[in-house]
Every structure is written in structure tokens, then in C-alpha cells.
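Look at the sequence and the model below before reading on. The report then describes a few of the features that can be found there.

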Amino acid sequence: MKIIIRVLIFCFVFLCFSSIAYSQTYNGCPSCLVNLPVMAGHGAASSTDQRRVINVRIDETWGTNTPASLWNATCAGQPGAGCSNATGPSAINMWNSVGTYYFFQLNQVNNGSTDIQITRDATWSPDKGCAETESPIEDPISGTSPSTSLRIIHLPPGSENWSQQQLACVLAHEIGHGIGLVDVFGGCDSSIMNQGKSKDCSQGCDKTEISSLDVQAANKQAGDRAHCGSQAAVSRQNFGGGLSDPYPYRYNPTCYYYYDAVDYYHYCECAESGCQCSSGSYRGVMYVGTVYYLTDVICL
Amino acid sequence: MKARSTFIPIAIILVAVAVLGVLGLGGHWPFNARRRPQETSPRTGSLRWYAAQAKQQGQTHITLLIQPHFTGVSDLNSVTTDYSAFVGELLTTSTRWDESSDSISTWYKFRTNERLTQRTYSACSYCTPPSPPSDLLPLQTGEFLVSLPGGSVAIDDIVVQSVLPDFTEMIPGQNYLLFLNFDESNKVGYLSVGPSGALLVTSQGTFAPVISAREGDPDVISSGLVTQYNNSLSQLRAALNPPPPSTCDPDGSQQQYCTTHSGIWYAEDCYCEYDPCIKKPWLCD
């Protein structure tokens, strides 16, 4: 009887997630990453929920007392101390409400089991935008797996003063990066990976749920990432002021060579064999040969 | 005399015990800390920590994908309105690791070919402007710098390579159209909209993005340039900074003829340069 109930619960949950996940047709937006390894996680969420547990930790850079807005925006409404009684939108709640391979939980124990760490950068460069996620990936050339799978979500100083909605939305976007989704340039407006239009980092992120497109992209990455549409490009290496390209094959060009063909003649007596003469003249010209001069090379 | 003869061995033993005691204290001897500074382990998640993880696994490098949350773009018009537009030749690049912000940035040094628009710099209130690498300084007249996250550096003998998704790099010697949040005082520009705000300018005066195209997700800037300006620098230039009416072509008929025949119109000297693709179409397949 117990087994039947579990199967029924599983089917119900599966059908719910399926209906959500496929309510919009996935056309590749948002794109997912080929070379980001899938997080192994820490076992199943429960006996009836086979999603793998992913530990999220707010690290020590936020001080001894984590700002309430950040804490609530991370885990409000989810099981666990300090989360279940918190209200309002949260990034973990948004992701756990949909059917991906992952079940996120806030786990503040720093024992090496953290999968996604939320950190506050005291120094923030203007070229980093409003937030940033850093993920170790397979080497784009050799395919070597990275030595760790820890993802870091970087937030700028002052982000603790953003509204809970803003933080929850930004964190949900960054968690999306952590599970292999990439930013949306101009397509799929409903995606959490659509960056919004605001120039002000403290506002403009107004999404409160994960779209079915995001779910399909996340599941494609976790289940079939070889067919994802995005691959981290190889950047060139710069050391000591010199420039060396470790992967020059990328620039193997196709070249087009342009020649001017110049025919050469010399004067001759019309009586000579091969001498081309106009009628009535006794001198003409004889073809000697053609010389090709390289005039242009264009490599693409 | 006897007392003295027993005192010496006892003194030697005491000294020896003291010396052995000191040696036995080992790392606890307070002065050792001064001679051999205690090595602190890097903060978890820092670039130095990632390098240490790679070293522990016997690897020589680690590749990190960085995905900054850049300013969103609604359409090309908002970009041309908000950001200064430059066309510049990339002279050289330099990558540096800033330990204080724990980030790797690549700096690009450009020479201005032309400045299409000038917009007000929007400073970030919570940011610390990064210091440009000294090997790119000083800047000559007309030169400016652009900073983007990413690049490769060596940290504790491990190559830490930081990459942006879909970014295909910029090549020295090439010309680029750049939409920058430009700080006039330091001659530093930021691609606030990300790498999609940089486009290669081809020898035909057309644009090619430095990010890979994605299925179902058109890049607003490059697709806007195609739809609004026929992907043409001359048309963009004319729209952003319309020239005064030409004296040699007052009714614009020559220009009209030129552009309808795929030419590039130079209003200053009333000269039309035709697209080489017409002459050598196999180049444009």
C-alpha cells in the first residue's frame, strides 16, 4: 500500500512538472552549456523526490550575521532552520518549485560539501556588471574535468540593501548559471536568464518564477549537454607581455591569391614561323609567354 | 672547590635541557613565526583556492567560466542613446589578476579611428575603478582602454584561465565598433552591455559580432545593426551623426544611386566605393 502511494505521489509530481515543463516549446533559448560538468549532488532529496540535493551556502564574507534580506531571498519558504518560517520570494523556492534534476537547500556547514557559494566581493570592478557566477568547466580543448565543481555567485557591495524580490530574482538567475544556463540576449522574455532591461542593478529583476523554457534548458544540460547550444570559447593566453596563441588552428585561414596575367611578345619578321602579322606588313609580333604577377592576397 | 666541580656539569645539563626544550617547542616557539611566516590557506572560492585545488589534483591549469550579469538591452536604439560609440583599431591586449577584487581582466588598448557619438559617463557608485596594467600606459593621443572580465594568468604556478561564454576574442590589428560607458577622465571604457557591445568592422565596412550566435536568441545589437542600418558602418555613421547637405550632390541623387548599387558613399568628396563582392562574388559566399 505504501509503495502504491509513493508511486502515485511520484506520478503526480512528475505529471505536474511535465505539464509545466512542456507548456512552452523549447527552441534553444535559453541556451545551455556543453562543457559545464553536471553537479553530482548529495543523494536524493527524499524517498519520494529523487532530485539530487545541491548545497547552497552563504559564506563568511557577509559577516557573522547574514543580512536578513539575503538570507530570505535565498531560502524563504523552504525546509530548514531560518528558512521555513521566512516569507517572501526566494531563489531556492523558485527553483525547487519546478522539475529539474536538482533540489537546492541552504546548508551553512562549511565542510567541503558546498556546491554553490554566495559571496560578497568587497571590491567590485565596473566591468563585472550587477553580479557574476564563476563555474569550473572542462578544458575546452582536452576535455579534462575540473578539479572541483564549486560554483561561486559573486554579488557587489551594497547588494544586501536590495529588496528581497530583487535579490531572489538575481540569485535565481545566478543559480541558473550554476546549473549550466547562459544569459539571454534578446529571445525568450519569460526566461529567468533574460537579463532585464534596467541599468540599475538594485532594481528591474521582477521575475518570481522559473519558466518552462528554463526547466527544459536545465534538463537538457543535465541529461544531454553534448547537444547544448553554448560552449565556452577558448581565450588566448597572455603572459609577460608577449602574445602566444596555444590553439592556432582556430585561425587557419582560407586565402585567395590574385594575379595579373601579362602576355609578352617580341617583334619578328613575318617570314618567321609563328609570327603574327597584319596583312601587308612585313613585321609582326610573336607570343613569348605569360608571366603572372601576384597582386593581392586576401585571407579570411 | 668541590661545589664548583659539581656546578659545571649541572650547568651544562641545564643548558642542554634548555636547548632541547627550545628545539622541542618547534613551531610553538614564538620567534619561529617571525622567521617562517605561517601560511594561511586561501579563502574557499577565491582564484588562489581554485589554483590550489588544481595543484592538489596534479593538474597544471583550471578553466573557469565567468558569467557576469551585464546590463540588459531592449533594442539597438537604447544602446546608441546610452553609450558612446567608437570605431577603433585594437593595438594590443594585456591580462592581469587583481588579487584585491579577486578577478582576472583583460585590457584592450585601442586607437580611435572615429568617434561616432559622445554620451555621459555613468559611474558605478559601489565600484572601485580598476587600475589599468602599467604595460599599456601611458596612452598616446587618441588611444583608450577597454576592460573585459576574463583572460589567462598564472597563479602559484597554475594557469587559471577565465573565459566568457560565446566570446570569440578580439584580434589586434582589427577595427571594432564599440558601445562604451566611457570615462573621459581616465580614457577607460566599459562594455556595460557585455561583449555584444563590440563588433568587428570588416574591410567592407560591415559588422561581425565577437560573440557566437545562438539558436533562438538573437543578439539585439548585431541584429539591430542589420535591420536598421543594413549592417553598414556608413549608414550607422550617417544616422548617428548626419552630415550637412553635400554641395556637390545637393539633391542626394548620386548618393542614392551609390547606395542602391551596394556602394559606400563618401559625402565629403562625393565619391562612391562599390562593394568588392560585386567584382569578386566568390569572396562573399
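This is a predicted model: local features need pLDDT of at least 70, side-chain atom pairs count only at pLDDT 80 or more; totals for chains, interfaces and linings use all residues.

Residues are numbered from 1 along each chain as its sequence is written, chains are lettered from A and ligands numbered from 1 in the order in which they are written, and side-chain values use heavy atoms, with hydrogens and water left out.

**Chain A**

Chain A contains 5 helices and 9 strands; helices (H or I, at least four residues) and strands (E, at least two) are DSSP runs, numbered from the N terminus. Along the sequence the pattern is α-β-α-α-β-β-β-β-α-α-β-β-β-β. Of the 300 residues in chain A, 50% are buried (under 20% relative accessible area; exposed is over 50%, and partly exposed is in between, with a 1.4 Å probe and protein chains only). Among the contacts in chain A (heavy atoms within 4.5 Å) with a separation of 6 or more, 65% are between residues 24 or more positions apart.

**The sheet**

An open sheet of 8 strands has the order β2(A)-β1(A)-β3(A)-β5(A)-β4(A)-β1(B)-β6(B)-β5(B), with mixed pairing; two strands pair if DSSP finds at least two bridges between them. The strands at the edges each have a single partner strand, so one side of each is left without a neighbour in the sheet. They are listed here.

| Edge strand | Chain | Residues |
|---|---|---|
| β2 | chain A | 102-106 |
| β5 | chain B | 151-155 |

Within chain B, strand β1 (residues 61-68) and strand β6 (residues 158-163) run parallel and are joined by 5 bridges. His61(B) has Val159(B) in β6(B) as its bridge partner.

**Helix α3 of chain B**

Helix α3 of chain B covers residues 47-56, and its buried residues are Leu47(B), Trp49(B), Tyr50(B), Ala51(B), Gln53(B) and Ala54(B). After α3(B) comes Gly58(B), with a positive phi near 75 degrees.

**Asn219(A)**

Asn219(A) lies in helix α5 (residues 212-224) of chain A. Is Asn219(A) buried or exposed? Its relative accessible area is 18%, so Asn219(A) is buried. The side chain of Asn219(A) reaches the backbone oxygen of Gly99(A) at 3.0 Å. Apart from neighbours within four places in sequence, the residues in contact with Asn219(A) are Gly99(A), Thr100(A), Tyr101(A) and Asp224(A).

Methods: A polar contact is a pair of N or O atoms within 3.5 Å; within protein, one must be able to donate a hydrogen and the other to accept it, and residues adjacent in sequence count only if both atoms are side-chain atoms.
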